[in-house]
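Please look at the sequence and the model first.

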Amino acid sequence: MKNYIFDLDGTLADTLPLCIEAFKVAIKNLTGKELTEKEITAHFGKSEEGIIKELYPENIELGVKEYAKTYQNLHHLCPTVFDGIIEILDELKRQNCSISMVTGKGPQTCPVSLEYYGIKKYFEVIKTGSPEKNVKEIRINEVINELGYDKSETVYIGDTPTDIIDSKNVGINVYSALWKTKLEDEEKIIALKPDKIFYKTKDFINFIKQ
């Protein structure tokens with residue numbers, strides 16, 4: 001593989017608890033209402049703007065600003081990427097591979113995390129999500145077209161069952177990163193038969209070094 005496209009949340013860092021807490025705090029600040037994790041995650045797949053549109057339709061612009069501010073203020077809850085991620089990115093760069101990102105995060109918070117972790121420099125192309133729906137298939141195709149790689153040379157690395165489905169629909173390889181995946185998702189992922197499954201970042205490092 002020469003063209004590696006990474007997911008962010010749950011793949012490079014354990015940012016999902018941060019996202020959930022930021023939504024809880026932002027919505028409580030705006031409305032006084034306390035949301036459950038289930039009420040928030042039910043809207044995942046859309047970007048933060050799309051989620052805010054569902055949770056705080058009264059003033060979407062204000063809601064997005066409040067969420068982005070809260071996300072940045074709470075980023076200390078997720079201070080680092082997963083162990084081994086920097087080594088993975090460095091090894092791919094050493095091999096002159098292309099590294100890009102396609103994430104469901106919106107343009108308000110994706111740059112915050114990339115700057116916080118100091119990893120923006122690794123990615124040639126960065127594509128964020130849509131407030132309307134999951135657009136990973138569209139974004140993956142955009143990356144492939146912009147960089148000029150064949151689909152056979154391209155692999156997406158993500159942590160969810162949807163990542164496998166989207167990648168297969170595009171016609172590219174897909175590797176599942178299960179170093180932080182919940183058991184129920186793991187079972188679904190195995191059933192969907194990604195090209196490779198990695199349970200530890202060390203396993204991924206050893207694989208790309210071969």
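A crossover is called right-handed if, with the strands pointing away from the viewer, the path from the first strand over the helix to the second runs clockwise. Strand β4 (residues 154–158), helix α8 (residues 161–170) and strand β5 make a right-handed β-α-β unit in this sense. This is a predicted model, in which local features need pLDDT of at least 70 and side-chain atom pairs count only at pLDDT 80 or more, while totals for chains, interfaces and linings use all residues. Residues are numbered from 1 along each chain as its sequence is written, and side-chain values use heavy atoms, with hydrogens and water left out. Helices (H or I, at least four residues) and strands (E, at least two) are DSSP runs, numbered from the N terminus.

Two strands pair if DSSP finds at least two bridges between them. Strands β4 and β5 run parallel and are joined by 4 bridges, with Ile157 standing opposite Tyr175 in β5. On to strand β6 (residues 196–198), β5 is joined by 3 bridges, again in parallel, and here Ala177 stands opposite Phe198 in β6. Between β5 and β6 the chain crosses through helix α9 (residues 183–192), and this β-α-β crossover is right-handed.

How many residues of strand β5 (residues 173–177) are buried? The count is 5 of 5, where buried means under 20% relative accessible area, exposed over 50% and partly exposed in between (1.4 Å probe, protein chains only).

Two helix pairs are set out below; axes are lines fitted to C-alpha atoms, for helices over the stretch in contact, and angles run from 0 to 180 degrees between N-to-C directions.

| Helix pair | Axes come within | Crossing angle |
|---|---|---|
| α8 and α9 | 8 Å | roughly 20 degrees |
| α5 (residues 85–94) and α10 (residues 201–209) | 9 Å | roughly 10 degrees |

Angles under 35 degrees count as roughly parallel, over 145 as roughly antiparallel, 65 to 115 as roughly perpendicular and the rest as oblique. Helices α5 and α10 are therefore roughly parallel to each other. Their contact (heavy atoms within 4.5 Å) is made by Ile85, Glu87, Ile88, Glu91 and Leu92 of α5 and by Thr201, Phe204, Ile205, Ile208 and Lys209 of α10.
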